Amino acid sequence: MSNVVVKVENISKLYRLGEVGTGSLQQDMKRWWAKTRGKEDPFAKIGDVNDRTVKSDSQYVWSLKDINFEIESGDTLGIIGRNGAGKSTLLKILSRVTTATSGSIKVKGRIASLLEVGTGFHPDLTGRENIFLNGAILGMTKTEIKRKFDDIVDFSGVERYIDTPVKRYSSGMYIRLAFAVAAHLESEILIVDEVLAVGDAEFQKKCIGKMNSVSKNEGRTIIFVSHSTHAIKALCRKGVYLVNGQMRFAGEIEETLKVYEDDIKDPETERLISSYEATERPDSPAQILNVRLTDERGTEQTSFDVFDLIFVEYIFVIREAGLSPISPIINITKDDTELFWSFASDNQPAMIDKPWEPGIHRYRVQLPTPLKKGRYSIACKLGKLRITDIDSLPVKLRFEVEELSFNSDYKSFAHYRPGIIPALLDWHKF
Amino acid sequence: MQSLQEHKEEQWDLEIKSETKLLDFHIADLIRYRDLLGLLIRRDFVANYKQTVMGPVWIFLQPLLTTLMFTLVFGRIAKLSTNGMPMLPFYLSGLIPWNYFADCLNRTSSVFVANASVFGKVYFPRLVMPLSIVVSNVIRLAIQFGLFICILTYYIVQGKVTPQYELFPLFFFNILLLAVLGMGLGMLISAIATKYRDISNLMAFAVQLLMYATPIIYPLAVAREKSIGWLIELNPLSPPMELNRLIFFGNGEVSPQTMLYSSIVAVVIFCLGLAMFNKTERNFIDTV
């Protein structure tokens, strides 16, 4: 017996652009007239591929075109794509909120969707009443909700307010209660939208953690939509990648994400840059003149081995006497994650009190190494402490770290070990 | 048997297709979501009277105040004939079923637009919404009807009215008829309202007009003598209203034929409404 629980076959959806409502009666008449004569929809023919960057004469676009995939029981499938790629439309069709123009979806088992938490919450009703109402809207029966009621209240942590109308809840309590209901859904297949994961980081973690445990421990199938590769990587095993309403790739999540990441790479931001020289602006009170990335011999480099030392040379000019307090700042980012900020004043506190002498100042700073394999960028700023930036470079320095001298004794630096920074720690018995 | 079914590959619990049957009552779906129906009815009721001082007393007060106004304006000032029936129970007997019909119609007709935020996020059989409206209004109707019976009893004791007791069960058929008509017409309008918002602006006016075209503030016998009497007779709402008067006052212009006419119109409108509703629920969220 095949394990396929969701089978999506040739799903396409046509959308009308422009202002819906103007002229629609006339078009409706034409469409109806064509239909009664047994002809095709006259407006469907002119449908274009959905590329929002290209202006087209057609008023109709295929928001989704010929989508096919299957999901096996217990799988977690991530749907990725840029904004407007058709992710949400696909989600809505899977959730039966709207229907496709053609194609079909076959499902085994109960399917529940979480495009939002707290759907149907009524402000005047109490937390208790809303748990029941929201649960029922999501497809639970009264008996199921009763059985899970205590769990839901526990999870939400709003026990004291359970008989208070939810309009008196803080927004945090409201979300917690809403998510608590959603987290206790019992369907075999769960469709989850990333908008669910808005809110603070702790809450996001809770959401993803809960979903992870749901799919792993309870063997449920999850379809998750996001344009955050992080969330998808954390949660999904399979992936479907949409571009302009069409399937670009489907397969294992690593491969899917690789295709996606290769696609969204901007060639300009991928260039490695070892130095930047600014054009002088004599009227500015202070300015960064030159920054360079070098190895320990002072040679400019863009590629480093894991164990190489990395230096930044930072030259700036102070033109206005008595300008204070100012510090050179660098901040380092790896794959959109900020690693740290460093101020020259960190180890030279006098900088905060003493006005700068006019003239050119040179600093050299060594980055903490080893760094793990990957691409890093460094933004350089000249900042009035805690107030504002006096100057910041329009271009970031970019370098890469390679595993050239990989040593199996130093596995903490290996790129396949999870985590952003390497840490060779001292473990001993005590 | 179980294992046999499991070996069959194409054993799907649900098939989401682009085309659906238009005259689908979604019976199985509705049964599965019966708890939601119950909770929605409860929500309607509870939420309406929360944070009001008098709470459900408003259910009594609304028709009473309107009836008093009618008595004053149409009875005392305009001196419209009630064909010998006492004014207070006469207006009330028309107003209570009318309010039920109008509430069903009004709220059903805006069901898509009013619930777009919920409908856009989660699936449940959309039919649950109009059904919950019709049922929760029945509760209101029952309470108001109790009030009406009290007032009527007073007039019976006084010897001013003689109801036809053997016809009483027909009152329930009447309510069913009004529910089917109100929900059917409401669904029809709700479907159009998702595309052409003009409808919702028109509704308040149209419902009022319909009230004056229905024997609420006058008996059909009086309207018949006027030049537009045929229009009132054509109104499918007239026979049930007149039947009510026949039941409670022994004074109404209704026959099995006219009731049959109303029932047929109600069923046709309901089926039409259901078909439009089913067609609209598929992807109204794209246009609303």
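Let me start with helix 2 of chain A, residues 87–94, which lies across strands 4, 6, 7, 8 and 9 of that chain. Against strand 7, residues 189–193, helix 2 runs at about 150°. Please keep in mind that this is a predicted model.

In what order do the six strands of the open sheet in chain A come? The order is 6-7-8-4-9-10, and the pairing is mixed. Strand 6, residues 111–114, and strand 10, residues 246–252, each have a single partner strand in chain A, so one side of each has no neighbour in the sheet. On average, neighbouring strands here are turned by 15° against each other, with direction ignored.

Now the pairings around strand 4 of chain A. Strand 4, residues 76–80, runs parallel to strand 8, residues 221–225, and four bridges join the two.

Strands 9 and 10 of chain A run antiparallel and are joined by six bridges. They form a hairpin with two residues between the strands, and in this hairpin A:N244 takes a positive phi near 50°.

**The contact between chains A and B**

Next, the interface. How many residues does each chain bring to the contact? Chain A gives 52 residues and chain B gives 40. About 4,100 Å² is buried between chain A and chain B, and carbon and sulfur atoms give 56% of that area. On the chain A side, A:R96, A:V97 and A:I137 lose the most area to chain B, and together they make up 17% of what that side buries.

What does the rule find in the way of salt bridges between chain A and chain B? It finds one across the interface. The residues are B:R42 and A:E129, with the closest N and O atoms 2.8 Å apart. For polar contacts, seven residue pairs are found across the interface of chain A and chain B, both residues of each pair being at pLDDT 80 or more.

Several elements of chain A give two or more residues to the side that touches chain B: strand 1 (4–16), helix 1 (24–36), helix 2, strand 5 (102–107), strand 6 and helix 3 (127–137). By residue class, the chain A side that touches chain B divides into 21 nonpolar, 17 polar and 14 charged.

There is also strand pairing between the chains. Strand 5 of chain A runs antiparallel to strand 1 of chain B, residues 14–17, and four bridges join them. A:V107 has B:L14 as its bridge partner in that strand of chain B.

**The four-stranded sheet**

Back within chain A, four strands form an open sheet in the order 11-12-14-17, with antiparallel pairing. At the edges are strand 11, residues 275–277, and strand 17, residues 359–366, of chain A, each pairing on one side only. From one strand to the next, the twist averages 20°.

Strand 11 of chain A pairs with strand 12, residues 286–294, in the antiparallel sense over three bridges. In that pair, A:E277 stands opposite A:N290 of strand 12.

**Two backbone details**

To finish, the backbone. Most residues other than glycine have a negative phi, and most peptide bonds are trans. A:D66 is not a glycine, but it has a positive phi of about 50°. A:D66 is found in strand 3 of chain A, residues 60–72.

Where is the peptide bond that is cis, with omega near 0°? It runs from A:T369 to A:P370. A:P370 is in the loop between strand 17 and strand 18 (374–384) of chain A.

That is what I have. Questions are welcome.

Methods:
Residues numbered from 1 in each chain as written. Chains lettered and ligands numbered in written order. Predicted model: local features only at pLDDT ≥ 70, side-chain atom pairs only at ≥ 80, totals over all residues. Heavy atoms only, no water. Pairing = 2+ DSSP bridges. Axes fitted to C-alpha atoms, helices over the stretch in contact; angles between N-to-C directions. Contact = heavy atoms within 4.5 Å. Buried area = accessible area lost by both parts, 1.4 Å probe. Salt bridge = Lys/Arg side-chain N within 4 Å of Asp/Glu carboxyl O. Polar contact = N/O pair within 3.5 Å; in protein donor to acceptor, adjacent residues only side chain to side chain. Nonpolar A, V, L, I, M, F, W, Y, C, P; charged D, E, K, R; others polar.
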